[in-house]
Amino acid sequence: MQLVGHRPPTVRDHRAPTAPGHGTSSPPAAEVAAPVVASMVGELPVRVEFWDGSAIGPEDGPGTIRLRTPDALRRILWAPGELGVARAFVAGDLDVEGEILPLIKSLRPAGARLHNELKTIPAVVKALHRFGLMNGPLSPPPEEAHVGGWLHTRSRDAEAISHHYDVGNDFYRLFLGETMTYSCARFADDDMTLDEAQEAKHELVCRKLGLHERPGLRLLDVGCGWGSMAIHAAREHHAQVVAVTISKEQAELARSRVVEAGLSDAVDVRLQDYREVQGRFDAISSIGMFEHVGSARMRTYFTHLHEMLEPGGRLLNHAISSMGGSKLSSRSFTGRYVFPDGELIDVGEVALNMEKVGLEVRDVEALREHYELTLQHWVANLQEHWDEAVDLVGEGRARVWILYMAASSIGFGDGGLGLHQVLAVRPDVEGRSHLPRTRRSWN
């Protein structure tokens, strides 16, 4: 089966040069490319088939990578690493046959070996010349992000958020399901559906924040997405919720969903940056938003949230993490196409900065295996609705999403990525936390 769906992808860039390898007296493309592959990644775990039908790599691997035109090789050789491969895939110059998750998993060791040392240059130059690709790199696919201005200013943050989230609510619904929840679910039972697991996550957050202890508590939901957490807290625990997002499309749909749920008196959805929010709250939830804050503004972020918490109020920060921290650089696929300016912060740094602003960390829970499974559900949903997705957002953007979700699932599975919920409290003037002595009421 095709990796990305049920119909062959359309090659959108038809400017491929006529490669000398097509002639009968010239060697096949695979023969010319083999030294490049060997010098850059060593032995291939999958089969690679070239535009002239020649191939290298094992026939019994988990799938086949097809370079549909010489432009695929041109993109990869002019931008060695994941960015070049991603550009070729998004543009449709490179395609894959096989199940996406095992195929990408098999490629990770080769990716880790990928290098561009001086010893690889002769093989690369020879291949570029042989295939007629010396006239520079191609323009990136139009799905690549280009944000401007100073890092993490309000205007640049809004632009980065819009690139990712203002893709179309109908597109997100295809793979997120009816809960429209774009964060890690919690599969408390093996037989849970995706929607049930998302509701279980919302309930866990509500209980950690103590919303079940008495009705009418005031909740601030930072980065509220399409309003699922806010609706759950108001419907199940009678919380009074202010929900903020800087995505216009998210805010519009979240407001409609609040009205449909009959919760207009309980939930106030605002198109607002968290830095502009004023007021006092009994609890604050931040679910899947912290990745956009950045380490340079982390202290400012927690300081502002601390100031808005009532004494005894609780903050739950639910975020992807990376050991030692990891900025999604402009040379990475995720940084260019998915999360511009995104940054994954070590959970230890998160806890330390919470405490430095006066918050007391009370609980840390790792949920990375749950995110691996969540992403597997999303990938399966997108593959099932592939034709609809292409009709809604175009093939290039649909390819971006399936690639990033599949690769992320593997990252959570092997520990390269983490997901942590960090619960903190603002103690009262006497130092009391007002938290229960055990976690018994959370489960």
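Which residue in S7 stands opposite Val 242?

Analyst: Opposite Val 242, strand S7 places Asp 268. The model is predicted, with local features requiring pLDDT of at least 70 and side-chain atom pairs counted only at pLDDT 80 or more, while totals for chains, interfaces and linings use all residues. Residues are numbered from 1 along each chain as its sequence is written, and side-chain values rest on heavy atoms, with hydrogens and water left out.

Strand S7 comprises residues 267-271 and runs parallel to S6, to which five bridges join it. Strands here are DSSP runs of E with at least two residues, helices are runs of H or I with at least four, and both are numbered from the N terminus; two strands count as paired if DSSP finds at least two bridges between them. Between S6 and S7 the chain passes through helix H10 (residues 248-260), in a β-α-β crossover that is right-handed, meaning that the path from the first strand over the helix to the second runs clockwise when the strands point away from the viewer.

S6 also pairs with strand S5 (residues 218-222), again in the parallel sense and over five bridges. Here Val 242 is the bridge partner of Leu 220. Strand S6 (residues 240-245) has five of its six residues buried, so the rest of the structure largely encloses it; buried denotes under 20% relative accessible area, exposed over 50% and partly exposed in between, with a 1.4 Å probe and protein chains only.

The wider setting includes two nonpolar cores. Such a core is a set of buried Ala, Val, Leu, Ile, Met, Phe, Trp, Tyr and Cys residues joined through side-chain atoms within 4.5 Å. The largest has 76 residues, and Tyr 172, Phe 175 and Trp 401 have the most contacts inside it. Its main contributor is helix H16 (residues 395-414), which gives ten residues. Another core lies apart from it, with 30 residues that include Leu 219, Ala 230, Leu 263 and Val 269.

Elsewhere, four strands form an open sheet of mixed pairing, ordered S2-S1-S3-S4. Strand S2 (55-56) and strand S4 (94-98) are at the edges with a single partner strand each, so one side of each has no neighbour in the sheet. Helix H3 (residues 82-91) is mostly covered, with eight of its ten residues buried. Those buried residues pack against helix H2 (70-78), S4, helix H12 (333-338) and H16.

A salt bridge, defined as a side-chain nitrogen of Lys or Arg within 4 Å of a carboxyl oxygen of Asp or Glu, joins Arg 314 and Glu 213 at 3.0 Å, N to O. This pair ties strand S9 (residues 309-321), which holds Arg 314, to the loop between helix H8 (194-208) and S5, which holds Glu 213, across 101 residues. Arg 314 is buried at 3% relative accessibility, whereas Glu 213 is partly exposed at 43%. The total by this rule is 24 salt bridges.

For the protein overall, there are 16 helices and 13 strands, and buried residues make up 56% of the 443 residues.

Key
Contact = heavy atoms within 4.5 Å.
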